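Dear colleague,

I am handing over the structure below, and my notes on what was found in it follow. Please read them alongside the coordinates.

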Amino acid sequence: MPDKQLKCCDCGLEFPFTEGEQKFYAEREYSDPKRCKPCRERRKAEKQVKEVNSAPPVAMMEEGMETERHWRGKKGRREH
Ligand SMILES: [Zn+2]
């Protein structure tokens with residue numbers, strides 16, 4: 001399977017969808033990626049920022065370590 005050139009829907013640049021990646025996606029029945037790697041990394045980073053922003057309000061954090069630990073535990077369970 002030759003490398004494919006896909007067009008990023010974010011920045012509009014073409015990026016290589018390599019043979020290895022095609023196999024990886026096919027095995028997991030993923031559809032072809034829509035974004036180049038830098039854009040995917042950027043979106044991932046933005047998502048992390050959003051998650052940080054959706055953390056409890058400052059007042060709650062100020063209650064101390066107990067609250068923070070509790071929040072982290074909750075977050076961990078939600079992600080699994
Ligand atoms: Zn892009």
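Which residue in β2 is the bridge partner of leucine 6? It is phenylalanine 15. Please keep in mind that this is a predicted model, in which local features need pLDDT of at least 70 and side-chain atom pairs count only at pLDDT 80 or more, while totals for chains, interfaces and linings use all residues. Residues are numbered from 1 along each chain as its sequence is written.

The protein has 4 helices and 2 strands, taken as DSSP runs numbered from the N terminus (helices: H or I, at least four residues; strands: E, at least two), and from the N terminus on the order is β-β-α-α-α-α. Strand β1 (residues 4-7) pairs with strand β2 (residues 14-17) in the antiparallel sense over 4 bridges, where pairing requires that DSSP finds at least two bridges between the strands. The two form a hairpin with 6 residues between them, and glycine 12 in the turn has a positive phi of about 80 degrees.

Helix α2 (residues 37-53) has 17 residues and should span 24 Å at 1.5 Å a residue, which agrees with its end C-alpha atoms being 24 Å apart; the expected span is 1.5 Å times one less than the number of residues. None of the residues of α2 is buried, and of the 80 residues of the protein 1% count as buried (20 or more other C-beta atoms within 10 Å of a residue's own; exposed if 12 or fewer, partly exposed in between; C-beta atoms placed from the backbone).

Tyrosine 25, in helix α1 (residues 19-27), counts as partly exposed because it has 14 C-beta neighbours inside 10 Å.

Best regards
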